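I opened this notebook to record what I looked up in one protein chain. The entries below follow the order of my reading.

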Amino acid sequence: MRGNRKWLIFAVICICLSTTGCYAGEASQDGKETAEIFAMNTIMDLTVYGEHSSDILDEAKQIIRQYEQLFSVNVESSDVARLNKAGGSPVQVSGETYDLIQKSLAISKRTDGLFDISIYPLVRAWGFTTENYRVPNETERGNLLGAVGYSGIQLLGNRTVCLPAQMQIDLGGIAKGYLSQKLVGLFQKREAEAAVISLGGNVQTFGKKPDGTPFTVGITDPADGRSLLGTIEVGERAVITSGSYQRYFEQDGVVYHHIMDTRTGAPADSDLTSVTVLSDNGECADGLATALFVMGKEKAIAFDRENEDVQCILVDQKNEVWVSEGITFQKN
């Protein structure tokens, strides 16, 4: 049994900028500054253009650290950890955590539970939280599925959340999209000229490059998880990918990826290898990328056509690409 290298987690999407980079914290002549920070178990790269880019980056780092302390299952004092240890008792959480759980439940309802933050015990049982990979038997999966179900999460007054006694949640499937959306809000408030947020592959852009052209985002080829499949130009949008190549392990000649199906308690048996969702909203793109992967190609296309707030790039197991109307995708 083996797990894939950690760097594959970070190879979801790369940013292709025509301007040259600069060292973290060092200002360039065009007012561009970059920073790299490790948080939420992810390498995060931020690029900000503007007169006060250094100060804005400092504020962005503070927000990242704040949200990590609220959302991480691995921080014992986090809101999520306290909820998971509450044993069915109500827990008062921060406004941000309450808001994110509320948004998560909305996406769960929209996707008939194919995105579900209560799937954490299953992901842990398969070893994706610890890298101690294993294949739970059918009985174990069935028992764990008994505690999965977003409809059991109660949002009470005064920022109070109550989980069923056996339920545990993980916001990792949506937290980075939520964070990138909040960072965009910071950049707007502080009047940055432009910015690129890359949170372990989740990309969100703000404004345009100094030369007035849009940012170009490269989509990773799921066939090898390293090379570029192609590129798209985007305005102010989130571009977020879920793919079976991002985290996986192999046992007895079978490859098991990390995207779980709440109906089976096992990795989704999807005919897709990669789903990229484009949206004006970060948490929307983050949550839907997971759900559309689980749906499979036919239903994901139908969802795309019925929902005007999202666009998609789908890659199936034959490495054939389906692209929403309105996206100009330049395949390599």
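**Entry 1: the chain as a whole**

I began with contacts in the protein chain between residues at least 6 apart in sequence, and of these 63% join residues at least 24 apart. I note that the model is predicted. I then looked up the secondary structure and found eight helices and 20 strands in the protein chain. I read a radius of gyration of 19 Å for the protein chain, close to the 20 Å that the globule rule gives for 332 residues, so the chain is as compact as a globular protein of that length. For the extent along the principal axes, I recorded that the C-alpha trace spans about 60 × 50 × 40 Å. Of the 332 residues, 57% are buried.

**Entry 2: H1 against H6**

I turned to helix packing, where two packed helices are described by the angle between their axes and the distance between the axes. I looked up helix H1 (residues 53-71) and H6, whose axes come within 10 Å and cross at roughly 150 degrees. H1 is therefore roughly antiparallel to H6, the cut-off for that term being an angle over 145 degrees. I noted the crossing of H1 past H6 as right-handed. From H1, the contact uses Ile56, Glu59, Ala60, Ile63, Ile64, Tyr67 and Phe71. From H6, I listed Ala175, Tyr178, Leu179, Lys182, Leu183, Leu186 and Phe187.

**Entry 3: H6 against H7**

I next examined helix H6 (residues 175-189) with helix H7 (residues 282-295); their axes come within 7 Å and cross at roughly 160 degrees. H6 and H7 are therefore roughly antiparallel to each other. I recorded a right-handed crossing where H6 passes H7. On the H6 side I found Ala175, Lys176, Gly177, Tyr178, Ser180 and Gln181, which meet Gly282, Glu283 and Asp286 in H7. The residues of the contact of H6 with H7 comprise two nonpolar, four polar and three charged. I also marked Ala175 and Tyr178 of H6 as members of the contact with H1 and of the contact with H7.

**Entry 4: Glu325**

Is Glu325 buried or exposed? I read a relative accessibility of 77%, so Glu325 counts as exposed, the cut-off being over 50%. I located Glu325 in the loop between strand S19 (321-323) and strand S20 (329-331). Lastly, I looked up the separation of Glu325 from Ser54: 271 residues in sequence and 38 Å in space, C-alpha to C-alpha.

Notes. Residues numbered from 1 in each chain as written. Predicted model: local features only at pLDDT ≥ 70, side-chain atom pairs only at ≥ 80, totals over all residues. Heavy atoms only, no water. Axes fitted to C-alpha atoms, helices over the stretch in contact; angles between N-to-C directions. Helix = DSSP H or I, 4+ residues; strand = E, 2+ residues; numbered from the N terminus. Parallel < 35°, antiparallel > 145°, perpendicular 65-115°, else oblique. Left-handed = near helix turned anticlockwise from the far one by under 90°. Contact = heavy atoms within 4.5 Å. Nonpolar A, V, L, I, M, F, W, Y, C, P; charged D, E, K, R; others polar. Rg over C-alpha atoms; globule rule 2.2 N^0.38 Å. Buried < 20%, exposed > 50% of the residue type's maximum accessible area, 1.4 Å probe, protein only.
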